[in-house]
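Q: I would like to learn how to read the main features of a protein model. Can we go through one step by step?
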Amino acid sequence: MSVLFYGSAFVAVLATLLAITRINVVHALLYFIVSMISLAIIFYTLGAHFAAALEVIVYAGAIMVMFLFVIMMLNLGKPTQEQERVWLKPGMWIGPSVLAGPLLVELLLVINSSQAETQTVVVAAKQVGISLFGPYVLAVELASLLLLAGLVGAYHLARK
C-alpha cells in the first residue's frame, strides 16, 4: 500500500502543479480532475473508503462539471469556437493520460492483492449526513450559496 500511497501522492502534486501553471482553462481542469482522483486513491489507502467515494463523486464529478458548464456558458461565439478547435487536439490528452495511467495500474494492483496493510474504520453515510446537516449545516449552506453566487456571476458575465 505504501507504493500506491506515494505514487498517488506524487501524481497528485505533479497534476496540481500542472493545473496551476496551465494557461488554457480546459487543460488546467483536466489536470485538476487527475489530482482529485489521485487524492481519492490516497484516501482509499488510508482507510477512508467513503471519503474516497465522495472525493470522486462530489469534487471530481459534480464540481468539475459545474466548472466546465461555466466555461461553456462563457463561450463568446465563433472566434472562441475556432480557438477551442485549435486547443482541443488529441495531443492535449497525453499529459493527463500519462498521469492517470500509473494510478490505474496501482488501483488494479490494490484490487488484486489479498493482503491489506491498513486497518479500516467504516463510516456510514448516515453518520456523514448527520455531521453535515447537524453541527456543520451552516458551513454546508454557505458553501452552496457561494457556488450559486459564482454561477450567477458567470451567467451575468456571459450575457451580451
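This is a predicted model: local features need pLDDT of at least 70, side-chain atom pairs count only at pLDDT 80 or more; totals for chains, interfaces and linings use all residues.

Q: What percentage of the residues count as buried?

A: A residue counts as buried when its relative accessible area is under 20%. Of the 160 residues in this chain, 24% count as buried.

Q: Which secondary structure elements does the chain have?

A: The chain has seven helices and zero strands. Along the sequence, the pattern reads α-α-α-α-α-α-α.

Q: How do I describe two packed helices?

A: The general idea is to give the angle between their axes and the distance between the axes. Here, take helix H1, residues 2-21, and helix H2, residues 25-45. Their axes come within 8 Å and cross at roughly 155°. Because of that angle, H1 is roughly antiparallel to H2; the cut-off for this term is an angle over 145 degrees. As for handedness, the crossing of H1 and H2 is left-handed.

Q: Which residues of H1 and H2 meet?

A: On the H1 side, the residues include Leu4, Phe5, Val11 and Leu18. On the H2 side, they include Tyr31, Phe32, Leu39 and Ile42. Sorted by class, the contact of H1 with H2 has 15 nonpolar, five polar and no charged residues.

Q: Is Glu106 buried or exposed?

A: The way to decide is to compare the relative accessible area with the cut-off for buried, under 20%. Glu106 has a relative accessible area of 12%, so Glu106 is buried. This residue lies in helix H5, residues 94-112.

Q: What is Glu106 in contact with, leaving aside its neighbours within four places in sequence?

A: Glu106 is in contact with Val3, Leu4, Gly7 and Ser8. Among them, Leu4 and Ser8 are also H1 residues that meet H2.

Q: What share of the contacts links residues 24 or more positions apart?

A: Consider the contacts in the chain with a separation of 6 or more. Residues 24 or more positions apart account for 73% of these.

Q: Where does Gly47 lie, and is Gly47 buried or exposed?

A: Gly47 lies in the loop between H2 and helix H3, which covers residues 49-73. With a relative accessible area of 8%, Gly47 is buried.

Conventions
Residues are numbered from 1 along each chain as its sequence is written. Side-chain values use heavy atoms; hydrogens and water are left out. Axes are lines fitted to C-alpha atoms, for helices over the stretch in contact, and angles run from 0 to 180 degrees between N-to-C directions. Helices (H or I, at least four residues) and strands (E, at least two) are DSSP runs, numbered from the N terminus. Angles under 35 degrees count as roughly parallel, over 145 as roughly antiparallel, 65 to 115 as roughly perpendicular and the rest as oblique. A crossing is left-handed if the near helix is turned anticlockwise from the far one by less than a right angle, and right-handed if clockwise. Contact means heavy atoms within 4.5 Å. Ala, Val, Leu, Ile, Met, Phe, Trp, Tyr, Cys and Pro count as nonpolar, Asp, Glu, Lys and Arg as charged, and the others, Gly among them, as polar. Buried means under 20% relative accessible area, exposed over 50%, partly exposed in between (1.4 Å probe, protein chains only).
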